[in-house]
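Subject: Structure handover

Dear colleague,

Here is the structure I promised to pass on, with my notes on what turned up in it. Please have it open beside you as you read.

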Amino acid sequence: MFGLQRKKQVVKIRSLNETKKYGVAATSLKELLKKGSKLLQVPLVGSHISMYEDGTELTEDYFRSLPDNAELVLLAMDERWSGFVCDIGRLLDTDRNSDLLIDAAKGLLSNERSPKRRRLLGDLLLHLKDSSEAENREDDEDWFQGIDDRFKTKSAYMKYNCESRIRGYMKEVHSYAQTIQKPKLKDEYKKTAECLVMQLKSDKYNGCYFNRKEKEQNRLCTQEGWFSCQGAFDHDECKSLHSINPYGNRESRILFSTWNLDHGIEKKRTVIPTLVEALQKHKSSNINLDYFYKLLFTRENLKLVHIVCHKKGAHDLLCDKRKIYKQGKRK
């Protein structure tokens with residue numbers, strides 16, 4: 001009487017340093033190791049096999065319970081596999097300008113029908129098409145599409161972009177004067193606003209925040225141009241770890257326009273009304289304008305946030321009464 005013959009397990013196997021998978025049939029782990037080592041040219045002595053998904057090392061009993069076409073990784077004696085996160089790590093270490101990787105992602109995207117997977121592949125391609133090392137217009141003309149010819153470098157445009165946002169805040173300060181009914185108070189407010197403008201001009205409208213050519217302590221980005229979300233006004237950090245490099249490509253530059261320089265203590269609800277209230281009691285010369293300037297236009301009260309982290313409801317934060325007036329002038 002013949003012994004029962006074991007069923008052959010059909011698996012997909014690859015080596016640590018390759019992504020191509022091979023179909024192999026074997027009746028035991030020992031046979032699989034032998035066939036896999038020969039096929040993938042991995043030394044048989046000390047070799048072992050792990051599950052691709054989570055890095056679990058295969059045993060003889062585990063091998064027998066594998067489903068068909070299980071994905072495995074054949075490892076040499078000193079090699080280790082921690083699951084598919086290893087592939088993610090390799091991807092992150094890959095040269096972002098790798099034409100091979102870009103072509104592969106494009107190929108996957110062209111054949112993909114799942115909306116979720118298309119979104120993931122699209123986001124991947126967006127960051128793979130990175131030309132952040134290019135600074136001048138002639139070196140990355142696509143990045144400058146739609147931008148005035150007077151801007152010759154990315155940093156010059158990004159500086160202008162930040163200046164424009166700060167100028168917009170100053171415009172809101174000016175326009176608030178129209179809501180003040182008392183002539184004397186209105187005049188004092190306008191005088192104060194002009195002082196704020198003079199300070200802004202002196203600081204070049206704080207365009208340094210978006211300029212990667214500035215000193216590290218003055219900019220909000222890395223030297224390469226990466227910005228990280230600083231989290232909602234009531235959080236110390238961004239829990240979603242949002243980041244973007246508008247210097248990398250045109251799409252990222254456009255997307256960056258949706259990020260906000262958000263006031264912690266709100267500009268129109270709190271800071272400006274508090275300034276007006278202070279001017280009702282004191283002349284502009286007695287107001288601590290440096291404090292209000294910092295709240296309105298500087299990183300002391302501004303956080304760069306992804307649109308998802310931008311909370312538009314009331315912040316319920318108040319100005320510090322101890323800082324509203326110059327020392328000795330507080331009532």
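Predicted model: local features only at pLDDT ≥ 70, side-chain atom pairs only at ≥ 80, totals over all residues.

The buried residues of the helix are Leu185, Glu188, Tyr189, Thr192, Ala193, Leu196, Val197 and Leu200. If you wonder about the spacing in that list, an α-helix has 3.6 residues a turn, so residues three or four places apart point the same way. Which helices do the buried residues of H7 pack against? Their partners are helix H6 (154-175), helix H9 (267-281) and helix H10 (289-297). After H7 comes Lys204, which has a positive phi, near 55 degrees.

The next item is the sheet. Four strands make up an open sheet with mixed pairing, and their order is S2-S1-S4-S3. Strand S2 (22-26) and strand S3 (48-51) are at the edges, where each has a single partner strand, so one side of each has no neighbour in the sheet. On average, and with direction ignored, neighbouring strands of this sheet are turned by 45 degrees against each other. S3 and strand S4 (residues 70-75) run antiparallel and are joined by four bridges, and Ile49 stands opposite Leu74 in S4. Helix H1 (residues 29-40) lies across strand S1 (9-15), S2, S3 and S4, and runs at about 145 degrees to S2.

Is His48 buried or exposed? Its relative accessibility is 10%, and because the cut-off for buried is under 20%, His48 counts as buried. The side chain of His48 reaches the backbone oxygen of Glu79 at 3.1 Å, and it also makes a polar contact with the side chain of Arg80, at 3.3 Å. Leaving aside residues up to four places away in sequence, the residues that His48 touches include Leu33, Glu57, Val73, Leu74 and Met77, as well as Glu79 and Arg80.

Turning to the aromatic residues, the structure holds 13 aromatic pairs. One of them is formed by Phe210 and Phe256, which are arranged edge-to-face, with 5.1 Å from centre to centre and 70 degrees between the planes. Phe210 belongs to the loop between H7 and strand S5 (227-228), whereas Phe256 belongs to helix H8 (residues 250-256), so the pair ties together parts that are 46 residues apart in sequence. Both partners are buried, Phe210 with a relative accessible area of 0% and Phe256 at 1% relative accessibility. Elsewhere in the list, ring pairs link Trp143, Phe144, Phe151, Tyr157 and Tyr160 into a cluster.

Finally, some totals for the chain. It has ten helices and eight strands, and 44% of its 331 residues are buried. Among contacts between residues at least 6 apart in sequence, 63% join residues that are at least 24 apart.

Key: Residues numbered from 1 in each chain as written. Heavy atoms only, no water. Buried < 20%, exposed > 50% of the residue type's maximum accessible area, 1.4 Å probe, protein only. Helix = DSSP H or I, 4+ residues; strand = E, 2+ residues; numbered from the N terminus. Contact = heavy atoms within 4.5 Å. Pairing = 2+ DSSP bridges. Axes fitted to C-alpha atoms, helices over the stretch in contact; angles between N-to-C directions. Polar contact = N/O pair within 3.5 Å; in protein donor to acceptor, adjacent residues only side chain to side chain. Phe/Tyr/Trp six-rings, centres within 6.5 Å; stacked < 30°, edge-to-face > 60°.
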